[in-house]
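Thanks for making time this morning.

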Amino acid sequence: MPCVVVRYHEIALKGGNRARFVQRLMSNLRDATTGLGVVAAQSLQGRVLLRLADGAPIATVCERVANTFGVANYSAGIEMRVDLDTMRAAVLAAARAEPFTTFAIRARRADKTFPLTSPVLAGTLGAAVVEHVGGRVDLEHPDLEITVEILPKAAYVSGGKRPGPGGLPVTSSGRVTCLMSGGIDSPVAAYRMMQRGCRVDFVHFSGAPYTSRASVDKAYDLVEQLTRYQLRSELRVVPFGEIQSEIVARVPRSHRVVLYRRMMLRIAAALGQRGARVLVTGESLGQVSSQTLENMQTIAAATPALVLRPLVGMDKTEIIQQAERIGTFATSILPDQDCCTLFTPAHPTTRASIAEAEAAERLLDVPALVAQGVAGAVRKQFIFPPALAVRHLKPEDDERAHPRSA
Ligand code: ATP
Ligand code: MG
């Protein structure tokens, strides 16, 4: 029977919480592979074993596993009865499946009633590979590692290890709300929080009614991309144009951007899941004038929520590389009219103090503007893969129909 052997590292270290992490990982793997012929997910000797029906699309299953946080590495393999000839045939097939010059057989005999010890078994199978397929044994740095594991009821032969994304299984760390523009940075910030086991809810502020839908469509696309890593997402789109024009009308020009951000944080915190008072932004120190230490402090002071900035110490080039890897870059660079391009002053301040921001906000009815933003928010849910959506998503889950522009 075909199978995929999934290995975890970091979550293996979680001591007393280990069972909970493994359960979460298994449930995420099951969801990610919905409809792909995975007939069972089982925790076995410190790994997760996915059993596949014959003929299941194993390459697609592997793709999904490769995007599941908590997976250190994985390999496609075969489950079989404990029998030396059967294992030898499977090892030869695994060796023929990949190009290599050097190889190693890693044998593990969890069932000590099997007559050959692990080293003898590895030696026997390795000799068969040299004889029938070729190559040279290198136990230190092999091109190809073939793993043979013998458990009481079955044996497993798996081929080359492929890396997973690491991190912790999504939702094991809780829930956060990411302020997502259509830019390059915030999707990467969201990805990094998912990698640390967070389920990320999204809030996008559009310039509506003063801008086109372009930024909203980009936000949809970006959340859709990112949902491949967390399987379920929620995006709230807040029309922010009127709120901005209120700020523009009443506060000093140089402080607009900082006040926009403070208002965004307050609205996002108000929209956050019950108890989830953690906000995430894509800010990176010094990247633009609003992202100085002083401004960041003044922006975060607008809310008692914890404000996390996972990109704060990253260079733009590193952020772009990661955006390319996770598949959001191409969408992020599409032209749009972000709300932040509305009424942006030529010389925004780099040093807005908390006192200055609070003084400027005394000219505004802040609670009313927050309430206006919350009331205008439209929610949309995303689910991946589509087969999972059939199980979980009802059309009425979206608060309002939100037709896409052409
Ligand atoms: P990004 O690439 O994420 O747009 P940026 O470098 O352009 O970031 P800013 O425009 O200063 O930076 O925005 C800083 C952060 O504020 C963003 O990373 C995002 O978290 C939040 N933000 C900015 N504009 C919006 C928006 N329209 N909707 C939601 N969040 C936003
Ligand atoms: Mg931006």
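Let me start with a term: a residue is called buried when its relative accessible area is under 20%, exposed when it is over 50%, and partly exposed in between, using a 1.4 Å probe and the protein chains only. What you see is a predicted model, in which local features need pLDDT of at least 70 and side-chain atom pairs count only at pLDDT 80 or more, while totals for chains, interfaces and linings use all residues. Residues are numbered from 1 along each chain as its sequence is written, chains are lettered from A and ligands numbered from 1 in the order in which they are written, and side-chain values use heavy atoms, with hydrogens and water left out.

Cys-62, at 9% relative accessibility, is buried, and so is Cys-178, at 0%. If we take a disulfide to be a pair of cysteine sulfur atoms within 2.5 Å, the count is zero. For Cys-62 the closest cysteine sulfur belongs to Cys-3 and is 10 Å away, which is too far for a bond. Cys-178 is likewise in no disulfide, with the sulfur of Cys-198 nearest at 11 Å.

Now to the interior. A nonpolar core here is a set of buried Ala, Val, Leu, Ile, Met, Phe, Trp, Tyr and Cys residues joined through side-chain atoms within 4.5 Å. The largest has 33 residues, and Met-194, Val-200, Phe-202, Leu-226 and Leu-235 are those with the most contacts inside it. Among the elements giving it two or more residues are β10 (174-179), α5 (185-195) and β11 (198-206), but α6 gives the most, with seven; helices (H or I, at least four residues) and strands (E, at least two) are DSSP runs, numbered from the N terminus. Counting contact as heavy atoms within 4.5 Å, and setting aside residues up to four places away in sequence, Val-200 touches Val-176, Cys-178, Ala-190, Met-193, Met-194 and Gln-230.
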